[in-house]
Amino acid sequence: MNSNGGHGSSVGVTSTEFKRALGKFASGVTVVTVKVGDTARGMTVSAFFSLSIDPPLIAIAVHKQSKLHSFLKEATDFGVSILASHQANLSDHFAGKRREIVDVQFSEIGCVPVIAGALVHICCAVAARYDGGDHTIYTGLVRDLKHREDCEGLVCFSGTYRAFEKVVKGNRQGAAEGSTRAEVAGMSKTG
């Protein structure tokens with residue numbers, strides 16, 4: 001059986017429909033970075049997730065035609081920066097949507113470059129590489145990480161950046177008794 005369930009090369013879903021539907025999955029925004037010589041290189045990557053707690057592993061998927069892919073093919077380490085709500089301009093910059101000149105500030109964690117001021121910094125050793133269609137899936141063994149508590153994360157939903165206005169709060173006592181109550185989290189657009 002092939003990777004699309006045995007349906008041959010055409011599954012009846014267009015790339016536009018696929019992107020639009022998956023854009024309904026709200027996610028944080030990450031920039032993956034590598035060091036090439038003495039220069040930091042990075043790209044906004046939407047396919048990022050935690051993979052394992054023990055050992056601590058994350059996974060990213062990078063388009064095979066991207067410049068970052070060619071750098072990661074040779075890399076032994078990479079960084080992941082989960083962007084803070086005030087860093088939408090950096091997401092656009094590293095996605096190739098340069099609307100303005102951006103002064104990118106890097107930090108280092110575990111000898112890999114990361115985006116200064118991000119919500120989370122993760123330093124990874126490349127653990128494995130897997131074919132994923134037009135992407136390569138990289139798993140990273142987390143060697144070091146840092147995070148902030150003084151700001152919120154940048155969120156992408158339906159192709160638009162958002163920020164949380166308030167946090168969803170569950171009634172833990174009520175949940176323990178079988179009833180659940182929650183406040184709906186409002187999300188505001190950021191520009």
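This is a predicted model: local features need pLDDT of at least 70, side-chain atom pairs count only at pLDDT 80 or more; totals for chains, interfaces and linings use all residues.

Residues are numbered from 1 along each chain as its sequence is written, and side-chain values use heavy atoms, with hydrogens and water left out.

**Exercise 1. Get an overview**

Task: find how many helices and strands the protein has, and what percentage of its residues count as buried.

Solution. Start with the helices and strands, which are DSSP runs numbered from the N terminus (helices are H or I with at least four residues, strands are E with at least two). Next, sort residues by relative accessible area: buried is under 20%, exposed is over 50%, and partly exposed is in between (1.4 Å probe, protein chains only). Of the 191 residues, 35% come out as buried.

**Exercise 2. Find the core**

Task: work out which residues have the most contacts inside the largest nonpolar core.

Solution. First, know what you're looking for: a nonpolar core is a set of buried Ala, Val, Leu, Ile, Met, Phe, Trp, Tyr and Cys residues joined through side-chain atoms within 4.5 Å. The largest one has 22 residues, and Ile60, Leu68, Leu72 and Phe78 have the most contacts inside it. Now see where this core comes from: strand E9 (120-132) is one of the elements that supply at least two residues, and E9 gives the largest share, 4 residues. Then zoom in on Ile60, counting a contact as heavy atoms within 4.5 Å. Leaving out residues up to four places away in sequence, Ile60 touches Val32, Leu72, Phe78 and Tyr138, among others. As background, nonpolar side chains in soluble globular proteins tend to be buried together.

**Exercise 3. Explore a pocket**

Task: describe the second largest pocket, including which residues lie nearest its centre.

Solution. A pocket is found on a 1 Å grid over the protein atoms alone: where a 1.4 Å probe fits, it is an open set of points with protein on both sides within 12 Å along at least five of seven lines, and lining residues have an atom within 4 Å of a point. Here the lining has 13 residues, with Arg41, Gly42, Lys67, Phe94 and Arg98 nearest the centre. Strand E3 (39-45), helix H2 (67-74) and helix H3 (88-94) each supply at least two lining residues, and E3 has the largest share with 4.

**Exercise 4. Check some single residues**

Solution. Take Cys111, in the loop between strand E7 (106-109) and strand E8 (112-115). Move on to Ala127 in strand E9. Beyond its neighbours within four places in sequence, Ala127 contacts Leu57, Thr139, Gly140 and Leu141. Finish with Asn89, which sits in helix H3. Setting aside residues up to four places away in sequence, Asn89 touches Glu100 and Val102.
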